[in-house]
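Please read it beside the structure.

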Amino acid sequence: MRRAQRPLGARRVNEPATHPRFQRAAFLSAAPDLAATPDDSGYEVAFAGRSNAGKSSAINALCHQRGLARTSKTPGRTQQLNFFRLDDERRLVDLPGYGFAKVSLSIKQRWQQLMERYLERRSSLKGLVVVMDIRHPLTDIDQQMIAWGIAADLPLLLLLTKADKLKRGAITRTLAEVRKALSAASVPVEVIAFSAVSRLGLAQVQEQLSNWLAFAAAPSEIADRSPLHD
Ligand SMILES: Nc1nc2c(ncn2[C@@H]2O[C@H](COP(=O)(O)OP(=O)(O)OP(=O)(O)O)[C@@H](O)[C@H]2O)c(=O)[nH]1
Ligand SMILES: [Mg+2]
């Protein structure tokens, strides 16, 4: 289900305002382990990625709230699963970052077990967003995360973020490389160039997440749809 890409140079002013369904997001809880996670019911979408990749910034951009998920220049800031409530049955999750240096093997193993189990067992989890710096996508540990997502049969959205740091040609090349690398995946994979700064790709992310979270289309969206494509 590839769709035509939005123009890469699209400016922030051209992006539609965030839908109220995301703007309403509020912090729900932080869980250090699976036992502390909220009820496993309804619909959940999780954001995974290397430390400092831009997960929390992506969630904030998506929800139009600067301080919703805490961002930091210090890698490894988010060490718990942070849950954000969209409504009674829908949540976003900011997962602990991975790949940061200077942590012990036992912390790494604990993280690995937590991620694998969460992806495998969480039945409300409807899709996994893997956030990668567009300048260094698909590192070994990203590929491990993607492999766990595929093993758990989760549809994937690969968000190539910090696209504001690259020129258009390099963005297009990287998009093509990452799509090619995942072309044989056994789950649906969408790859989007994104920037929390310029808001490039924001509308596409909202659309994908709205599908996963089973938000009913607003009446105006239904009216816009051609009957041929219903
Ligand atoms: N230029 C640019 N900087 C970004 C973008 N997204 C995030 N950043 C910066 O990258 C740094 C890390 O962003 P975070 O959102 O905190 O990253 P994170 O993945 O949540 O990191 P951890 O919580 O440590 O796992 C911050 O200094 C952000 O301001 C982006 O799209 N463009
Ligand atoms: Mg974070």
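Which residue stands opposite valine 93 in S4? Alanine 46 does. The points below start from the model as a whole and come back to that strand.

1. **Basis.** This is a predicted model, in which local features need pLDDT of at least 70, side-chain atom pairs count only at pLDDT 80 or more, and totals for chains, interfaces and linings use all residues. Residues are numbered from 1 along each chain as its sequence is written, and chains are lettered from A and ligands numbered from 1 in the order in which they are written.

2. **Confidence.** pLDDT is the predictor's confidence in each residue, from 0 to 100. The protein chain averages 86, and 82% of the residues score at least 70. Residues 1–15 fall below 50, with 15 contacts beyond near neighbours in sequence. Residues 225–230 are also below 50, with one such contact. Contact here means C-beta atoms, placed from the backbone, within 7 Å. Where pLDDT is low, the predicted coordinates should not be read in detail.

3. **Elements.** The chain has seven helices and seven strands. From the N terminus, the order is α-β-β-α-β-β-α-β-α-β-α-β-α-α. These are DSSP runs, numbered from the N terminus: helices are H or I with at least four residues, strands E with at least two.

4. **Sheet.** Seven strands form an open, mixed sheet in the order S1-S3-S4-S2-S5-S6-S7. S1 (26–31) and S7 (189–193) are the edge strands, each pairing on one side only. On average, neighbouring strands are turned by 20° against each other, direction ignored. Two strands pair if DSSP finds at least two bridges between them. Helix H4 (residues 140–151) packs on the sheet and touches S2 (43–49), S5 and S6 (156–161). The direction of H4 makes about 170° with that of S5; axes are lines fitted to C-alpha atoms, for helices over the stretch in contact, and angles run from 0 to 180 degrees between N-to-C directions.

5. **Strand S4.** Why is S4 largely enclosed by the rest of the structure? Five of its five residues are buried, so the rest of the structure largely encloses S4. Buried means 20 or more other C-beta atoms within 10 Å of a residue's own, exposed 12 or fewer, and partly exposed in between, with C-beta atoms placed from the backbone. Arg90, Leu92 and Asp94 point one way, Arg91 and Val93 the other.

6. **Partners of S4.** S3 (residues 81–87) runs antiparallel to S4 (residues 90–94), with five bridges. A hairpin of two residues joins S3 to S4. Arginine 85 is the bridge partner of arginine 91, and aspartate 87 that of arginine 90. S2 and S4 run parallel, also with five bridges.

7. **Core.** The largest nonpolar core has 53 residues. Such a core is a set of buried Ala, Val, Leu, Ile, Met, Phe, Trp, Tyr and Cys residues joined through C-beta atoms within 7 Å. Phe47, Val130, Leu158, Leu159 and Leu160 have the most contacts inside the core. S5 (residues 125–133) gives the most to this core, with six residues.

8. **Helix H6.** In H6 (residues 202–212), Leu202, Val205, Gln208 and Leu209 are buried. They lie on the same side of H6 because they cover an arc of only 130° around the axis; the arc is that of the directions from the helix axis to the C-beta atoms. S2, H2 (55–63), S6 and S7 are among what covers them.

Note on methods
Two residues are in contact if their C-beta atoms, placed from the backbone, lie within 7 Å.
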